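Let us walk through this model step by step. Keep the sequence and the coordinates open as you read.

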Amino acid sequence: MTHVKKRSCPRKLQFDGSSGLKRVTNVNGSTTKISFGNFFVEKFHCLQVSVASSIFVSNYRECTLSCVNSPPCLSFNTGSAVTLDGKLRCELLNEDKYSANPGQLVRSQAFHHYSIKTPCSSFPCQNSGTCVPDYSQNDFYCDCVPGYKGKLCHTAVFSSCKDVYDVYGSNATSNQYTLIINGKPTTVYCLIDDPNSCGGGGWTTNTFSFYSAFWTDKSEYNPRGGESGLDSIETKLQTYWATPFSKICLGMQINGYNRFLVIDRQADSLYSLIADGEFRSTSVGRASWIAISGNLAHLQPYCGKEGFNVLNGNGDFRRARIGILGNDEDQCESCETVVGFGLQGSGGDLISCGGSGNLKSSEKSQLYINRAGLQRRVHVQGSRLSYGNFVVDKFHCLQQLQRGCFQLCGKFAMFFIQSRLISTFRREISIQLHLDGRAGLQVGVLLQGNRISYGNLAVDKFHRLQVSIGSSTVVNNYRECALSCVNNAQCLSFNVASSPRTDKKFRCELLNEDKYSASPGQLVISQEYHHYNIKTPCSSFPCQNNATCVPNYTKNQYHCDCRPGYGGFLCETDINECSSNPCLNGGTCVDRVNGYVCNCQPGYNGVRCQTGECLLPLPPLVNICMDYIIRSNASSQRYSLFVGGQLTSVYCHMGDFGCGSGGWTTVIKMDGNKQTFHFHSSYWNLANEYNLAGGETGFDSQETKLRTYWNTPFHKICLGMKIDQQKQFIVLTEQASSLYSLIADGTHRPTSLGRSAWLSLIGAQASLLPNCDREGFNVVSGNSDFGKARIGILGNNENDCYTCDSRIGFGTGGLHEDSNTCGNGGAQIRAMGYILVQ
C-alpha cells in the first residue's frame with residue numbers, strides 16, 4: 001500500500017488491487033469527507049475522451065488526489081514528462097476505458113493513463129457487452145448488445161438469422177450465431193451477406209433424398225454442419241421445424257460455382273410446407289430452375305410442375321421435395337427429368353440434389369453402383385467391361401455418361417466409368433484404384449506378379465498445387481497420371497491438365513508434396529489444371545488455430561504442427577505464458593497468444609515490470625552474454641540484457657557446446673519447415689522482433705528473432721542446425737556492428753568457410769552439387785528464381801552459379817524446394833536452425 005500524505009490532512013491512496021472507489025469520513029479527527037481509490041496505470045497510453053478539467057501538478061500523486069476528490073472523475077491522464085517549469089499535465093476524465101468506445105485508449109509517448117481498479121478489469125461481459133462498474137458496491141453490470149441478455153450477456157435472444165440482420169443491419173456479417181430455437185440455444189451459421197443473388201437479410205441454412213425421414217420428422221442431423229458456410233458438410237437443424245420465414249433461398253454449388261434462386265413464401269417453418277407430403281405449387285419458372293444448375297440441367301419441355309412435394313402421376317418416376325419436373329409428353333404422368341432438392345425416382349435414386357434424367361432405353365448401360373471400391377465386370381451388349389466407384393469429396397459433380405444423360409448434384413459428386421471403357425486403365429491389367437474415401441495410401445497389392453501401390457484420391461478441379469515438380473510427363477488420361485503417382489513412392493499428389501494438347505495427350509505433374517504440407521496459398525485456382533491428392537485424415541482439417549496437419553500415409557494417421565503459443569493434440573490449447581509468473585514487483589500478468597503482457601504497479605515499468613523509478617536493473621550495463629561469463633561463473637540460462645536501450649530477456653549459452661568457450665547471445669532460431677524466415681521474409685531487412693518467448697529458451701523448436709539482430713556487435717557467429725535431434729555447429733569469424741548490418745541491404749558479402757564446413761552442418765546425409773561454391777551472406781543464383789540463402793553456400797551441376805539447384809544454409813528459398821527455409825535445399829533435408837553471436 002502506498003500512502004500519499006499532506007501535512008494538514010493525511011489521505012489514503014491505495015494501489016493494492018482490491019476493490020474500487022470508496023468513501024470515508026473523520027480521518028484523524030477531521031470532519032472533512034474525502035475519497036480514496038485504487039488505481040492502476042497503463043504507461044504511455046492516453047484515453048482520448050472529453051477532458052473534464054486540465055491542471056498542472058508537481059507529480060502524478062497530486063493528479064490522483066485531484067481525481068479522487070472529484071466525484072465525477074473516473075480516470076485521468078498524466079504527462080509522461082515534466083514541462084520546462086517542472087510540472088506535469090493532469091487531465092481529469094469523467095469516463096474510463098470500460099465506458100469509452102473501443103479504440104479510444106491509444107498509445108502515447110506523452111501520457112500515462114490511470115484508471116480506478118474495478119471488477120470490470122477482468123472484462124467479464126461476453127458477446128461484446130459493455131461492463132459498467134458500480135464503484136460504491138465494488139460490483140458491475142453488463143450493458144448487453146441487442147440480441148443478448150443475462151448477467152454476463154451470455155444468453156442469446158435471437159430466434160432466426162433474420163433477427164440478427166434486423167438488429168445489426170449493415171453491421172451484421174455471415175458468421176456463427178446462437179439462436180433460441182424451441183427454447184434451446186442452438187449454434188447456427190447465418191448467411192447475412194447477399195449470397196450472390198438471394199439478396200441480403202439473414203438466411204438460415206438447410207439440405208436431403210425424397211423418401212428420407214429427415215423431411216418428415218423433427219430430428220436434427222449433424223448440427224455441427226450448420227455452424228459453417230457454403231461447404232460440403234450436410235446438416236439439418238431445428239430451424240427446419242421451428243423457424244418462421246417470408247423467403248427461402250435455394251442454392252447449388254456445381255463445378256466450384258454457387259448459384260441461387262429465391263422463393264417468396266411465408267410459412268411457420270419449412271417443415272409445415274413439406275412434412276405432410278401435400279403438393280404446394282410455386283411460380284419460379286423453368287428458366288430460374290435451369291439457371292440454378294448453371295444451365296447444365298436437361299429439363300424436358302413439358303409438364304413444368306413445380307413447388308413443394310412435386311410428384312408424377314405415376315409414382316415410379318421423378319419426384320422432388322422442392323423443385324420442378326419435365327417430360328417429353330404433354331402430361332405429368334411419367335416425367336423423366338427433374339431439377340431440385342430431395343430428389344428420387346426411377347433410374348436416379350442416387351441423386352438427391354441437383355438435376356437428374358433417364359437415358360432412352362436403347363442407350364442404357366448396366367452401371368452398378370456399389371459401396372465397395374473394387375472393380376466388378378459385367379456384360380453390356382456383348383462386351384466385357386470393368387468399372388469402379390470413384391468418389392470425390394469436393395465441389396464438382398457433372399459427368400456425362402451418354403448423349404442426353406448426366407448426373408448432377410449440389411454438394412456431392414460421384415464419377416462413373418463410361419461404358420465405352422474396357423478396363424479401368426489398360427485392357428491387359430486390372431488395376432484396383434480405390435477412390436471411395438477410405439484409408440489413404442495402401443501398399444502391397446499383387447497384380448500379375450508385380451507389387452504396386454494404390455491410393456484414395458480427392459480432386460480439386462481447376463486448381464494447381466504450385467510446388468517443386470518431382471517429374472513431368474504426358475499421359476492419355478488422368479488415370480494414367482494417377483497410376484504413375486501411386487507407383488512412385490515419393491509422390492503425394494499430382495496436377496493433370498484440364499484439357500488435352502494438340503496430340504490429345506494430357507500433361508501430368510507428379511509432386512512430392514501435398515496441399516497439407518505445402519505453404520498456404522500454394523494451391524491456386526487454375527483453368528489449366530486439376531489437382532489430385534491422396535485422401536488422408538487431414539482432409540477434415542482437424543488441426544485448430546491455423547496449425548499444419550502432417551499426414552502419416554502408412555498408418556492413416558496425422559499429427560498437428562502447432563503455431564507458437566499453442567499446444568495439445570489438435571493445437572486446441574492456448575499455452576498460458578503467465579504460468580511461470582514472469583511479472584515482477586507486483587505486476588499483473590495477462591496471457592496473450594504466444595506471449596504475455598505485464599500490467600505494472602505504479603512506479604514500475606518494463607516488459608516484466610522490472611524497472612522502478614528509483615531502481616536500476618542489476619547487474620548494470622550487461623548487453624551481451626559474454627559479460628556474465630566475465631563477471632561470474634555463469635551457467636546457460638535466461639538472463640536480462642540491455643539491448644538497444646531496452647531490457648530484454650535472452651537465453652545465454654555458456655561454455656563450449658560446439659562453437660567454443662565463452663558466452664553466446666541468441667539472435668535467431670528458425671524452423672526449416674516454416675516460412676517465417678524464408679529468404680524473402682521481411683524479418684531479414686526490418687528491425688522488428690518475433691516471438692520474444694522463443695528467445696528465452698535453448699536449442700528447442702521455438703522460432704524467434706530478438707533485438708540482438710540489429711543492436712548487438714560481435715566478432716564471431718555461431719551457426720547451428722538440429723536434424724533428427726542431432727546438433728552440429730560451425731563458427732564464422734566475422735566482425736560487425738550487428739547481423740542486420742551484414743544482411744538487411746541484400747548485398748552479397750563472401751565468406752571462406754569452404755564446402756566441407758557447410759556439409760558438416762548437415763551430417764553424413766548432406767548433398768551439395770560440385771560446382772559454384774558461392775558462400776557468405778545474401779548468396780543468390782545468377783537466375784534469381786533458383787537457389788538463394790541469407791547465410792549459406794550454393795551448389796550447381798553446371799560450372800557456373802546461374803541455376804544453382806542445391807544449397808545449405810539459413811533463410812533459404814528458390815528452385816528447387818522453395819519451401820525449405822533452413823537446411824539442405826535440393827536434398828529435401830530440413831533443419832531447426834540457430835544463429836548466435838559473441
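This is a predicted model: local features need pLDDT of at least 70, side-chain atom pairs count only at pLDDT 80 or more; totals for chains, interfaces and linings use all residues.

Helices (H or I, at least four residues) and strands (E, at least two) are DSSP runs, numbered from the N terminus. Two strands pair if DSSP finds at least two bridges between them. S51 and strand S52 (residues 704–705) run antiparallel, joined by 2 bridges. Strand S61 (residues 832–837) also pairs with S51 in the antiparallel sense, over 6 bridges. There, Asp671 has Met832 as its bridge partner. Strand S50 (residues 646–654) pairs with S51 over 3 bridges, again antiparallel. How many residues of S51 are buried? The count is 9 of the 9, so the strand is largely enclosed by the rest of the structure. Buried means under 20% relative accessible area, exposed means over 50%, and partly exposed lies in between (1.4 Å probe, protein chains only).

Now turn to an open sheet. It has 5 strands in the order S5-S11-S8-S9-S7, with antiparallel pairing. Strand S5 (39–42) and strand S7 (51–57) are the edges, each pairing on one side only. Neighbouring strands are turned by 20° against each other on average, direction ignored. S5 is joined to strand S11 (residues 111–116) by 4 bridges. Val41 stands opposite Tyr114 in S11. Helix H1 (residues 60–68) packs on this sheet. It touches S5, S7, strand S8 (75–79), strand S9 (88–93) and S11, and its direction makes about 160° with that of S8. Contact here means heavy atoms within 4.5 Å. Axes are lines fitted to C-alpha atoms, for helices over the stretch in contact, and angles run from 0 to 180 degrees between N-to-C directions.

Next comes a loop. Thr235 lies between strand S18 (203–204) and helix H3 (239–242). Is Thr235 buried or exposed? At 4% relative accessibility, Thr235 counts as buried. Its side chain reaches the backbone oxygen of Tyr221 at 3.3 Å. The Thr235 side chain also reaches the backbone nitrogen of Gly226 at 3.3 Å.

Tyr221 leads on to the rings. The rings of Phe214 and Tyr221 have centres 5.2 Å apart and planes at 55°, so the pair is tilted. Rings of Phe, Tyr and Trp (its six-membered ring) pair if their centres lie within 6.5 Å; planes under 30 degrees apart count as stacked, over 60 as edge-to-face and the rest as tilted. Phe214 is partly exposed at 24%. Tyr221 is partly exposed at 31%. The structure holds 19 aromatic pairs. Phe677, Tyr683, Trp684, Tyr690, Tyr709 and Tyr740 form one aromatic cluster.

Finally, look at helix H6 (residues 478–486). Of its 9 residues, 8 are buried. Among them are Tyr478, Arg479 and Glu480.

Conventions
Residues are numbered from 1 along each chain as its sequence is written. Side-chain values use heavy atoms; hydrogens and water are left out. A polar contact is a pair of N or O atoms within 3.5 Å; within protein, one must be able to donate a hydrogen and the other to accept it, and residues adjacent in sequence count only if both atoms are side-chain atoms.
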